[in-house]
Amino acid sequence: MLKTWNEYQKQVPDDHFFYVRSCIRQTFFPGSETMLLRILREHLNKDVFEDPRHTTCTGIGYHSDIIPLETIMTVVGRQLALMTEAGYKNLLVSCVTSFGIYLEMLDMWKHFPEKLEETRNALRKSTNREFEIPESVSHASDVIFHFKDEIREKSNLKLINKLTGQPLKVVDHIGCHYAKIFPHEGFGGAEFPSVLSGLIKTWGGEMIDYPERRHCCGFGFRHYLVQENRGYSISNAKIKFESMAPYKPDFIIANCPGCAMFLDKWQYTLAEMTGKTYDTESNGIPVLTYEELAGLMLGHNPWQMGMQMHQINVEPLLEKLGYKYTKKEKFYLAGKPTKSPSACSVLMA
Amino acid sequence: MSRISFGYSVSEGKVINLDQQKPAWLEKIFELEPSLHRCISCGNCAAVCTAGHFTGMKFYRICLNAFRGQTSDLKNDAKACMLCGKCQFACPRGVNIRHAIMLMTQIQKP
Amino acid sequence: MQQPTVSIIGAGPAGLNAAISLAKMEIRVNLFEKQVKPGGQLSHWHTLFPDMYDAKTLLKSTINEISHPHIKLYTTVNIRQIKRQNNQWIISSDGNQEFISDAVIITSGFNLFDATKKEEYGYGIYPQVITSLELEQMFNGRREWPFSKDIEAPKAGFVHCVGSRDTKCGNNWCSKVCCVKAVKQAIEFKKQFPKAEVSCFYMDLRMFGKGYEELYMKAQVDFNIQFIRGRLSEASPSNGNKVHVKAEDTLMNRPLKQNLDMLVLMVGMTPAIWLNQHAERIDFEKPKFKQGFINPVENYQSTIYQNTPGVFAAGTCKGPASLIDVIQDAKATAFEVFAYLKKEKQNVEILEKTT
């Protein structure tokens with residue numbers, strides 16, 4: 001028996017996943033979800049099924065008191081019905097909010113079986129569908145963690161600064177709903193999350209544990225949905241940046257749609273508001289998703305992964321990695337150059 | 001500073017940072033009135049305080065702020081005192097409150 | 001009838017003092033200790049609260065006293081079973097030795113709380129985080145300081161109630177001694193490093209014993225130790241070999257943070273596992289352990305264990321207690337044992353006359 005969360009490992013299935021996407025990730029990190037599918041299918045020969053009829057889990061609405069419990073339970077029931085119909089038992093979730101929602105509903109049904117019956121009835125009446133309880137629920141970062149050694153073996157890249165020969169310094173940020181609701185569902189539990197730090201260590205980088213590592217990024221739904229409340233959100237992000245800045249991190253890696261988005265975008269906003277950036281070159285600290293990093297490990301074109309959509313330019317990081325990429329392809333659409341966005345006044349690169 | 005109005009602003013945290021060096025004048029106050037260290041925040045001083053009924057002045061809070069190096073309001077808070085000395089009769093730990101208050105009101109900066 | 005014999009299990013302060021008192025009353029004692037040397041937890045401490053008395057001196061004088069013709073000390077002996085036979089008790093060791101005695105005193109003491117269970121404080125993960133026991137070893141030079149020798153003004157924090165008053169780790173009780181121990185250790189640290197900055201993070205300051213409150217005031221006035229009312233929420237690594245701590249300063253009504261060179265966890269007392277593991281091997285009438293500590297028959301006769309005549313318990317195996325309380329309890333228990341043996345002897349004599 002393991003004594004400490006520090007060593008805690010979660011069980012992740014080896015194959016046959018039913019994949020459910022995030023509502024917002026394709027806007028902010030447009031290549032990440034496709035990258036996960038390509039890594040699993042093309043590089044690791046895994047069976048992943050996606051159903052185009054899958055919808056939002058309504059988690060954002062649920063957390064902001066717009067969607068009632070009965071509705072979200074039925075929506076979750078419908079997604080599980082699609083999985084049951086396709087013959088899959090392992091749910092693979094792209095979004096940390098959805099991941100928390102699925103786990104919460106499953107846990108609730110376990111403790112209140114009458115709620116499960118209620119959901120089955122509602123779904124039957126509305127769509128004539130039936131569903132089974134999944135055998136496993138994995139977050140997409142769990143799966144990348146699970147296959148991190150295979151990815152390293154297939155990779156020519158090491159997370160080393162080519163200019164100095166030193167390992168790249170990386171800070172991780174774990175979405176609150178990844179393990180803070182159900183610690184057993186995350187590698188390392190809530191206190192010692194290793195799902196991203198494990199990737200960094202395995203792939204040759206140096207993991208930085210900084211004081212505000214476990215602090216929320218500020219994405220909290222109530223904080224950012226109403227414009228007047230966004231001051232809370234950005235102030236929380238600022239606490240994190242101030243705490244990580246002394247370590248001079250080369251990049252941030254996050255496993256939650258909201259965290260990756262806000263850690264990326266708030267750096268620009270903070271620079272506009274306060275004139276301050278949190279790296280030495282005033283470029284900002286690049287923020288990567290775990291799929292993007294895994295994609296780089298496997299030699300994919302950063303622009304095809306949509307990394308030009310980041311607020312913080314990733315090119316300085318690609319230079320440090322000695323990564324081969326074509327600068328001029330950055331703003332290309334269907335093989336033709338497209339108009340590039342106007343440059344920010346504050347973040348230089 | 002910002003050229004763009006985002007409709008919200010960054011707020012500074014309320015966290016007390018004990019890493020910050022205490023100002024020399026504060027250390028001097030403790031040196032001149034070491035009985036300040038005896039305070040245990042029991043609140044007896046505030047319970048009997050005449051000024052506190054009207055101004056919110058609480059000596060034990062002034063003391064706490066001084067312990068934690070939170071000095072921005074120290075002088076103003078101390079000035080609310082009427083120096084009646086009732087608190088000093090009440091204090092179970094024998095803090096020389098009036099002298100401490102006198103020292104605080106004489107701070108040059110801030 | 002022969003001179004009666006009493007078996008005492010555990011040669012810590014309780015066992016040693018009970019043995020000495022019984023020997024003074026002309027009763028023979030078998031004193032069992034599973035460790036190589038007698039002394040129990042006392043042998044780990046450097047100085048004692050509230051008077052900074054040297055622990056080694058006390059231990060030495062106590063051990064000198066047990067070289068008494070009536071006391072037989074058995075070290076590295078692990079007691080496996082205590083079984084009743086008529087009016088006597090058979091004590092068997094792991095090495096299958098058997099000892100017959102007329103009464104038994106359990107003085108098996110306590111274990112220190114395993115600080116790795118409070119993972120949020122990072123014990124065993126960050127080298128700057130140590131236990132109160134390890135700090136004593138640093139005081140007496142048996143262990144290195146967790147910070148560099150070049151640091152003239154180290155910053156240290158003491159966390160009270162680690163593994164005490166905490167339902168999250170299942171320990172609801174107050175360990176009683178940690179408050180004053182922290183104050184003592186903070187003073188001792190300031191004596192070794194006069195320029196140090198020391199903060200104590202407490203929930204309540206329970207200065208219940210003689211001289212404790214005075215020691216607390218001394219810590220405030222003479223040693224400028226900062227007392228912060230609020231339980232530490234977490235410790236995390238920080239730049240420059242430091243550990244970053246967060247707490248709520250509940251008197252200031254604000255969160256608080258600090259970078260420290262050393263974080264001392266005041267680990268509480270937990271029941272000696274020995275008793276829990278071996279409950280079924282002890283031939284009592286109604287074996288029952290309250291929270292793992294030995295449960296007395298009733299609070300006002302705490303020396304008597306359960307309803308089993310002839311079995312007694314003394315010291316911290318009955319619950320957290322200070323050393324001073326343990327010594328007094330052991331001496332009182334010795335008297336109870338003496339009275340019990342005297343009564344038993346009378347019963348036997350009456351029995352012999354009538355048959």
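**Close-ups of a predicted two-chain model**

**View 1. The side chain of A:D51 and a backbone nitrogen.** In this predicted model, the A:D51 side chain gets to within reach of the A:R53 backbone nitrogen, at 2.8 Å. You'll find A:D51 in the loop that runs between β2 (48–50) and α3 (59–63) of chain A. With a relative accessible area of 8%, A:D51 counts as buried, because that value falls under the 20% cut-off. Once neighbours within four places in sequence are set aside, A:D51 is in contact with A:F18 and A:L82.

**View 2. Where chain A meets chain B.** Here 16 residues on chain A are in contact with 11 on chain B. Put together, the two chains bury about 1200 Å², and 60% of that sits on carbon and sulfur atoms.

**View 3. The salt bridge between the chains.** Zooming in on the interface, the count of salt bridges between chain A and chain B is 1. The partners are A:K238 and B:E12, whose closest N and O atoms lie 2.9 Å apart. As for polar contacts between chain A and chain B, the count is 3 residue pairs, with both residues at pLDDT 80 or more.

**View 4. The side of chain A that touches chain B.** Two or more residues each come from α12 (230–244) and α13 (257–274) of chain A. Of the elements on this side, α13(A) gives the most, with 7 residues. Sorted by type, the chain A residues on this side split into 5 nonpolar, 7 polar and 4 charged.

Notes: Residues numbered from 1 in each chain as written. Chains lettered and ligands numbered in written order. Predicted model: local features only at pLDDT ≥ 70, side-chain atom pairs only at ≥ 80, totals over all residues. Heavy atoms only, no water. Contact = heavy atoms within 4.5 Å. Buried area = accessible area lost by both parts, 1.4 Å probe. Salt bridge = Lys/Arg side-chain N within 4 Å of Asp/Glu carboxyl O. Polar contact = N/O pair within 3.5 Å; in protein donor to acceptor, adjacent residues only side chain to side chain. Helix = DSSP H or I, 4+ residues; strand = E, 2+ residues; numbered from the N terminus. Nonpolar A, V, L, I, M, F, W, Y, C, P; charged D, E, K, R; others polar. Buried < 20%, exposed > 50% of the residue type's maximum accessible area, 1.4 Å probe, protein only.
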